[in-house]
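Q: Hi! I've just loaded this one and would like to walk through it with you. Can we start with a strand pairing?

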Amino acid sequence: MTLAPLLELLIFGILLGGIYGLSAIGLSLIFGIARVLNLAHGAFAVLAAAVSFVVIQATGLNLLFVAMLVVPLFFVAGYVYEILLIHRMLSFNRERRIEALILGTLGFGLVTESIVSIIIPRNFGVNYQFLPISFGEITVSTLRLLLLAVVAITTVILHFIVYKTWYGKALRATIDDAETAQLMGINFDRITSITFGLGTALSALGGILLLLVFNISPNMGFPITLKVLAIIILGGLGSILGSLAASIALGISETFAGFFLDTAWSNSISLVVLLVVVLIKSEGLLRR
Amino acid sequence: MKTAEDIVIAALALATMSAVPFVSSSYIVFLLNGIMVLALCSLSFNLVYADTGYMNLGNSVPFGVGAYAFAFALSHNWSATLAVVVSILAILFFSALSGIFIVRLKGAYYAIGTLALVLFAQALAYNLGWLTGGYQGIIVNVAGGSAYSAYYILAFLNAVLLLLTAAIRKSSFGYRMRSIKGNEIVASTLGINAAVNKVIVLIIGSLFAGIAGILSTSYNGFVTSESSFGISITFLPVIMAILLGSFSIVAPLIGVTIVALASEIFVTTIPQLTDFMLGILLILAALYPKNLIVLKNSRFLKNKSGVRSASS
Amino acid sequence: MQVLKIENLSHAFGPLKVLEDVYLDLEDNTITAIIGPNGSGKSTLFNLISGTLRPQGGNILFNGINIAGFKPYVIARRGLSRTFQDPQPLCGMTVLENVKTASLLNGTASKESLLRILVQCSLENEADTDATGLSFAKLRFLELARVMAMKPKLLLVDEPFSGLNTSEIERMSNLLLRMRDEFGTSTLISGHLVGHLAKVAKEFVALHRGKVIAKGSFDEVRNNPAVIETYLGESNVEN
């Protein structure tokens, strides 16, 4: 039956989408609070993957364990990144700010990528042997189920953070009405820095999980960033559920495209999506 | 004072530059060609950026189109003239096509959209092997003296674009574009068709970038995805334009040379460090742009046109 | 001939009806005032006429041609100019360059003619100043200088008097009257200061919650019971 392999592809697509979704939610949060399209977002993911890879090779610890060490590290990285670089650019006047942010985050992404290619000058990935499970005619690798579980758990944790913690409430308040939030005592700068940290950590987790799925090349940073951009613009800027839905849609399209066409084209899909989405969005802005 | 000084320096520079090919090795000529190609791309980027405020990060796309089209034509043994004509047509076609879509984008979306275009072009270059030679690119046989003819053509084109940029800025067209940057909504209520103006300036800029691509192939003898849509050729001109401005003659030319030379050195030693350096430069450009571009009653205009009195 | 005729104009932002069945006539060489409290739809009306917003229903006949849905630059080229409630200078350009850009609509204007406009608007000393550095009042006059350079057949001025002192209001009123007499410009002027508006405008149209509630001369509208009810005593009539 040709249904079984299709379903397997579908599951893989959902998984891939889920991983993209983590990174997308991260960027969505960042955009929501600071209106910054962080072009270095994907580079962080790749850096996290590279660091994890090196650690795994060196110590032999398993990936999930390493992830639990590396992800918090990237929370700090994102936090510092905001304080040192982004914060300064956010204080520019409107005209200069957009240009500065684009070039600055672009440049930082380049720097990060070059660091990755110095650490690991080739493509890298991780292979674990897992026993497959069969549901009737469908064979699914336990690995993928595990990944899905990780993504699901992370989403739940995220939901908890955003809706139940002090930070989450402050975040939502600031996104809603920054001025009033500040008048009520919320420290905008602190919230922004924390959000960058959180967003970067999510991207890092996405990057690390991606290690399990396919080989990562050092200059995947920008393609990933553009993919994530396409997702959040498609799903509605600042909307978490929208980003999730859009990322799963993209994951599925990429998987099917890669299977039926050629893997080379699957990457281009997100670019086309981005171009189309950005066009529609701009048209919509024109006719306010 | 400054008028006479600048003209003398410009004339000297011109004379020196003309003499160079006769007294130096072909390596130096190659080097200078590379710098002038980057300078041309930088001026092309600046044409759109300075007056309209839009950052066309995809300026390497017409460059690549020109480079590949020319290489493709030559590798199929078409005559040089035909190759040039076809390449220019290709450049115009692609820039008009992408232009019509790109100009509908606003602000940050414009930059992101053009960036996506570059990556898309890169992907196409990799995958359409029959057209582009895939990963290896295309290699062509070039005549021995091609580096020298390219040298003079490049120098000429740089001068032309410099003058053209200044001329446009003073013209009604220039005013329209600046008003688009100043306040696009107001500009439209003044009767200015922003979209058309943006497309026109984009096509002009792309044309020069594309010709730079043609010339690049002509003296290099090869074209690859990396050389046409890679990080260096995409971002170096941007950095140069923003950090150095393109409105006086002397200072930026020196600065441009230094930057390009530095990147040459980096490329031949540690490639990874090139990207690193470019990234740092981009960050610097973001934080500290030296906006020589924003000159009121552009000093350059008075200089270049000699004794022309200040007339707005 | 009627310069402007608006029929059944409606517009809504989502569920919020901003304009409902608005109708309006503007004769040649006339200045008509649109009054109404904040939120009554004055600016939206102007945005619809100038093409900045796309109307959802109704006709806007400019010299007999329905311009509803046309792009702003097309409408401007047909002879419509406007100013904005919040002054919008062209950033990065000097005062003179602002006016020059506006004058491009009619071809190349000599520097003298541009300076003449600046003098009339008392801006000649700021000719080479960056437009964003001007005071609020001068920004208002810059808006006027721009539209003067365009020599429009139809002019929309959105609350031009707000934020100006009495002598500035008088200067601006004179300029509007001058445009009518010199270029034959018909003007729609919106605002709250009914007394000042009465000195320039012959006709009045009162808007309330997106609907036209009164039309006529100053006295007719002023004494209209619906208008009085809306304004609750018209405390902003300065006489």
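A: Happy to! C:Leu61 stands opposite C:Asn66 in strand 5 of chain C. Strands here are DSSP runs of E with at least two residues, helices are runs of H or I with at least four residues, and both are numbered from the N terminus. This is a predicted model, where local features need pLDDT of at least 70, side-chain atom pairs count only at pLDDT 80 or more, and totals for chains, interfaces and linings use all residues. Residues are numbered from 1 along each chain as its sequence is written, while chains are lettered from A and ligands numbered from 1 in the order in which they are written.

Q: Which way do strand 4 and strand 5 of chain C pair, and over how many bridges?

A: Strand 4 (residues 57-62) and strand 5 of chain C are antiparallel, with 2 bridges between them. Two strands count as paired if DSSP finds at least two bridges between them.

Q: What's the strand order in that open sheet of chain C?

A: The order is 2-1-4-5, an open sheet of 4 strands with antiparallel pairing. Strand 2 (16-27) and strand 5 (65-66) of chain C stand at the edges with a single partner strand each, so one side of each has no neighbour in the sheet.

Q: Which strands does helix 1 of chain C lie across?

A: Helix 1 (residues 42-50) of chain C lies across strand 1 (2-13), strand 2 and strand 4 of chain C, and runs at about 65 degrees to strand 2. Axes are lines fitted to C-alpha atoms, for helices over the stretch in contact, and angles run from 0 to 180 degrees between N-to-C directions.

Q: Now strand 3 of chain C. Why is it described as largely enclosed?

A: Because 5 of the 5 residues of strand 3 (residues 31-35) of chain C are buried. Buried means 20 or more other C-beta atoms within 10 Å of the residue's own, exposed means 12 or fewer, and partly exposed is in between, with C-beta atoms placed from the backbone. Both faces are covered: C:Ile31, C:Ala33 and C:Ile35 are buried on one side, C:Thr32 and C:Ile34 on the other.

Q: And what does strand 3 of chain C pair with, parallel or antiparallel?

A: Strand 3 of chain C pairs in the parallel sense with strand 8 (residues 186-191) of chain C over 5 bridges, and C:Thr32 stands opposite C:Leu188 there. Strand 3 of chain C also pairs in the parallel sense with strand 9 (residues 203-208) of chain C, over 4 bridges, where C:Ala33 stands opposite C:Phe204.

Q: How many residues of helix 3 of chain C are buried, and what covers them?

A: 9 of the 9 residues of helix 3 (residues 95-103) of chain C are buried, so that helix is largely enclosed by the rest of the structure. Among them are C:Glu97 and C:Lys100. The cover includes helix 8 (172-182) of chain B, plus helix 4 (111-120) and helix 5 (136-150) of chain C.

Q: Good lead-in to the interfaces. How many residues of chain B are in contact with chain C?

A: 20 residues of chain B are in contact with 21 residues of chain C, a contact being two C-beta atoms, placed from the backbone, within 7 Å. Helix 8 of chain B gives the largest share of chain B's side, 7 residues. By class, that side has 6 nonpolar, 10 polar and 4 charged residues. Ala, Val, Leu, Ile, Met, Phe, Trp, Tyr, Cys and Pro count as nonpolar, Asp, Glu, Lys and Arg as charged, and the others, Gly among them, as polar.

Q: Last one: at what angle do helix 1 and helix 5 of chain A cross?

A: The axes of helix 1 (residues 3-34) and helix 5 (residues 142-164) of chain A cross at roughly 35 degrees and come within 10 Å. By class, their contact has 10 nonpolar, 2 polar and 1 charged residues.
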